[in-house]
Amino acid sequence: MITLLLVIYTLIAGWLSYYLLTHQSRPFLFFDPNKAPTIKHVARYGGGLMLLVTIACCFVTIFVQATMLIAIVLASGSLIMMAIALILVSFMQIS
């Protein structure tokens with residue numbers, strides 16, 4: 001059961017990394033990277049970090065399957081996404 005959940009988490013993390021990496025230079029949600037270059041950096045580094053989490057999750061799911069590594073990968077992915085969300089919220093401008 002944990003393997004199935006890790007596969008689902010890996011797909012979600014991979015999709016998020018793809019989304020962030022492909023939206024470095026075009027507007028997404030409420031954010032426009034052309035107006036604030038920091039948003040571009042957040043998308044680049046956040047997408048890259050989530051890509052690392054995706055690769056680590058694949059490695060842990062396929063080869064290792066150690067409970068401690070699973071917890072580390074899940075916690076790091078959650079903390080990275082929380083940090084990205086908090087940084088992006090500071091750039092929200094709702095009119």
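View 1. W15 is exposed, with a relative accessible area of 52%, whereas Y19 is partly exposed at 24% (buried means under 20% relative accessible area, exposed over 50% and partly exposed in between, with a 1.4 Å probe and protein chains only). This is a predicted model, in which local features need pLDDT of at least 70 and side-chain atom pairs count only at pLDDT 80 or more, while totals for chains, interfaces and linings use all residues. Residues are numbered from 1 along each chain as its sequence is written, and side-chain values use heavy atoms, with hydrogens and water left out. W15 and Y19 are four residues apart in helix α1 (residues 2–22), about one helical turn (helices, H or I, of at least four residues and strands, E, of at least two are DSSP runs numbered from the N terminus).

**View 2. The aromatic pair F59 and F63.** F59 and F63 form a tilted aromatic pair, 5.5 Å centre to centre with 50° between the planes (rings of Phe, Tyr and Trp, the last by its six-membered ring, pair if their centres lie within 6.5 Å; planes under 30 degrees apart count as stacked, over 60 as edge-to-face and the rest as tilted). Both lie in helix α2 (residues 37–64), four residues apart; F59 is partly exposed at 45% relative accessibility, and F63 is exposed at 61%.

**View 3. Contacts of L88.** Setting aside residues up to four places away in sequence, L88 touches F28, F31, I39 and V42, where contact means heavy atoms within 4.5 Å.
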